[in-house]
Amino acid sequence: MTEQSPQKIFLADYTPPAYLIESVELTFKLAPTTTRVMSKIRFTPNPNAASKEFFLHGEQLNLISASIDGSTVTPEPVEGGLKCDVPNAPFTWEAEVEINPEANTALEGLYMSGGMYCTQCEAEGFRRITYYPDRPDVMAPFKVRIEGNDPVLLSNGNPVASGEGWAEWHDPWPKPAYLFALVAGDLIARDDSFTTMSGKEVALKLWVRPGDEGKTAFGMQALKDSMKWDEEVYGREYDLDIFQIVAVSDFNMGAMENKGLNIFNTSAVLASPETSTDANFERIEAIIAHEYFHNWTGNRITCRDWFQLSLKEGLTVFRDQQFSGDIRSEAVCRINDVIALRGRQFREDNGPLAHQVQPDSFVEINNFYTATIYEKGAELIRMMKTLVGHDAYYKALDLYFSRHDGDAATIEDWVRVFEESTGRDLTQFRRWYKQAGTPRLKVDDDFKDGTYTLRFKQETPPTPEQDEKLPQHIPIAVGLLNPNGDEVLPTQILEMTDAEQSFAFEGHSAKPTPSILRHFSAPVILERESSAEERAFLLAHDTDPFNKWEAGRALAKDVLIAMITGEDAPTAAYLDAVAAMLRDDNLDPAFRALALHLPAQDDIAQTLADGSVTPDPLAIYNAHQTLRQQMAEHLQDLLPRLSAEMDVSEPFEPNAEQAGKRALGLELLKVTTRLDSGAAAQALYDRADNMTLRMGALGCLLEARKGDAALADFRTRFEGDALVMDKWFAMQVAHAAPEQAADMAERLTNDSDFNWKNPNRFRAVFGALMMNQAGFHEATGKGYALFADWLIKLDPVNAQITARMSTGFETWKRWDADRQAMMKTQLERIAATRDLSSDTQEMVGRILN
Ligand code: ARG
Ligand code: ZN
């Protein structure tokens, strides 16, 4: 074993680049195994740099020739690139390299996906294309010439000229190399156009493989909606003559915001009613918006270095959340965002992988495209907006865009803009960027002489390499209800800055009921002793939709946890409250669907562990089953009428209104399936004319162990459609019984359609296995062993996905001694693998520590 501990990079070591770039010209002569890349780069010494050393990044490049100002040079190869003696004045570097896109299974740099060429350069993929200072603070305009046999040849910026077998592109906006993109293939475009607020016409193209044209309408509409929204809400206009999106089948992430040429995972852009669920449509809309919004928050203003990643990602996630909330139901979007935050970011922040929103160090930057950088980062921006208010927020954003346009900026620049523009001191708020871990917020209250007092205590548990935590600046949105259920104090923002702090509310004739942390005003865990009555009261009366839902969720958690720990479960109170809520026709069906949905098993495990109870995955699974059965019996009389009301008779539209009805209909079907052992689900499957209902029905049938016929039918219908077949794989694992999930996953890896080098297909099986909590943690440990086998197999092929999926083990310390030992054994087996990638080494090392 080659025990080489991976190199750590520190934020504190940042130094400005020694050379800046005035212009870049690239020529690509494409060939699957022998692509030639010619570069001509005009460098100039950086007056602000101490160093004069000329270093260019380069990996897996075959250098054919190099010259400076026309004279051949022989650079010195060094770790990760090359060095060369250069003049102490502006000079022109030219080089020719050969690369092998077909052998590139890591899907970073230039690679091939189903016969087409495409690129992924963020974070450090450009160094696999040519020698270059591959760091985001080196920005330059690019001219690109592509020569190749493919009919479509694309790069960033505006088209300059093209002919048979070649095309030239020019991107006038200086950009870092991570935003470079190239695509070549047999593609067809959906064409459209958008007229910007200043009257400029922009050509829009959504490129797909022939056969996928029918899945482009929705994505195009989402793009136009995003362009309009960014003009109306942030005053941001698009800045090139053309904006293009390309769909690619083999892609490590969701999508990438390359300047003027976004590249998307097919799963994040292709949509049709027959093949995509409502949730797919919603996600696609959000990702298209996200990547488009990066044009300003990411591209026009980029990051100085990768420690600033959340500067662009946190802000852009916040912007896409605002967009979704504006065009769909704000309340429902917020609830879904918080469910995702708790499911992924809280899990991360409360385990061995906890890290700062602005990290101090990393080994492999690809390991930091995390829920903390993205989703917690977005929560920080949301809190800043809450603290300064709507108008001050947009004023600060205007200053940010005008001051930093064209910059490679830092998180500190961002916070300073807020301070200067609003006059507020955000010194303490900065801790949110530097302190890892989820704060616990404990609350108690009392009532005396008409004065109601809320007492808060905050505490952030230790995280790796960070034992001491200081108090955070927490905006706590609070409202009060009187005993009749009327709101007697509308939402106020309490600003907590101390470890312990009280807030008094005078003039109440009876003790009010508090609604705390409305709209989830801060990413904290609220700990408050509360009765089932109070929770049911808030579920019935709270005017804040988020806290109304939260009350129901808290009550469901109380029931599930009491069932598991053998205490008295407030089941009756819960079921009555749910029935009342379901009957309330004034409530949005989407909201009712969310309120009926049980808290995730991972959420229950985390809460138990937090309370020093060792969770038993099977007991959690069984509690879920029992409660659902009780729910079915309790709601029996309500089901037929309500289900019928949720039928959508109009033609399918992926809008929020129809989606809400389908969501509630399917939640009710889950309950019904407990009573009719799948009859209604089979009937729905047979008449379904859209994927939402078809997949919802299939899920119920699989849960009832009655899915064989539907599953076979599903495959016959969709055999040739990779994205739908991903669903076919994932569903079987997701819905497998605890003792069968690992066997099912293993069986599926032997299926002729299991193409494990495709990230979507690998995730379909193994992502589903890690999400099936009771199945993954099955008592003999076969889930762990299978998972580790496949991570070891994938690592040399695609280290990025392997490292990311190793988070399946991140909760290992949460479980009982036997499971801990088995998980540790697998982690150590992975760690001991010969030539393990530094990506996976870093992750497994951190998880084990
Ligand atoms: N910037 C992209 C986005 O958030 C993510 C790309 C990250 N890719 C990676 N290989 N780490 O939209
Ligand atoms: Zn992003």
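Tutor: Helices (H or I, at least four residues) and strands (E, at least two residues) are DSSP runs, numbered from the N terminus. This is a predicted model, in which local features need pLDDT of at least 70, side-chain atom pairs count only at pLDDT 80 or more, and totals for chains, interfaces and linings use all residues. Residues are numbered from 1 along each chain as its sequence is written, while chains are lettered from A and ligands numbered from 1 in the order in which they are written.

Student: Which are the edge strands of the open sheet?

Tutor: The sheet has 5 strands in the order β17-β18-β19-β21-β20, with mixed pairing (two strands pair if DSSP finds at least two bridges between them). An edge strand pairs on one side only. The edge strands are β17 (188–195) and β20.

Student: Which residue in β18 stands opposite A189?

Tutor: β17 pairs with β18 (residues 201–208) over 8 bridges, in the antiparallel sense. Opposite A189, the residue in β18 is W207.

Student: At about what angle does helix α1 run to β17?

Tutor: Helix α1 (residues 217–234) lies across β17, β18 and β19 (242–248). Axes are lines fitted to C-alpha atoms, for helices over the stretch in contact, and angles run from 0 to 180 degrees between N-to-C directions. The angle of α1 to β17 is about 25 degrees.

Student: How are α6 and α7 oriented to each other?

Tutor: Helix α6 (residues 390–404) packs on helix α7 (residues 411–422) at about 125 degrees, their axes 9 Å apart. Under 35 degrees counts as roughly parallel, over 145 as roughly antiparallel, 65 to 115 as roughly perpendicular and the rest as oblique. Therefore α6 and α7 are oblique.

Student: How many charged residues does the contact of α4 with α5 have?

Tutor: The axes of α4 (residues 330–349) and α5 (residues 371–388) come within 10 Å and cross at roughly 120 degrees. A340, L341, R344, Q345, E348 and D349 in α4 meet A371, T372, E375, K376 and E379 in α5 (C-beta atoms, placed from the backbone, within 7 Å). Ala, Val, Leu, Ile, Met, Phe, Trp, Tyr, Cys and Pro count as nonpolar, Asp, Glu, Lys and Arg as charged, and the others, Gly among them, as polar. The contact has 3 nonpolar and 2 polar residues, and the number of charged residues is 6.

Student: Which elements give two or more residues to the shell around ligand 1?

Tutor: Ligand 1 is surrounded by 14 residues (C-beta atom, placed from the backbone, within 6 Å), the closest being E122, M253, M256, N366 and Y369. By class, the shell has 5 nonpolar, 5 polar and 4 charged residues. The elements that give two or more residues are β20 (255–256) and α2 (278–293).

How values were computed. Two residues are in contact if their C-beta atoms, placed from the backbone, lie within 7 Å.
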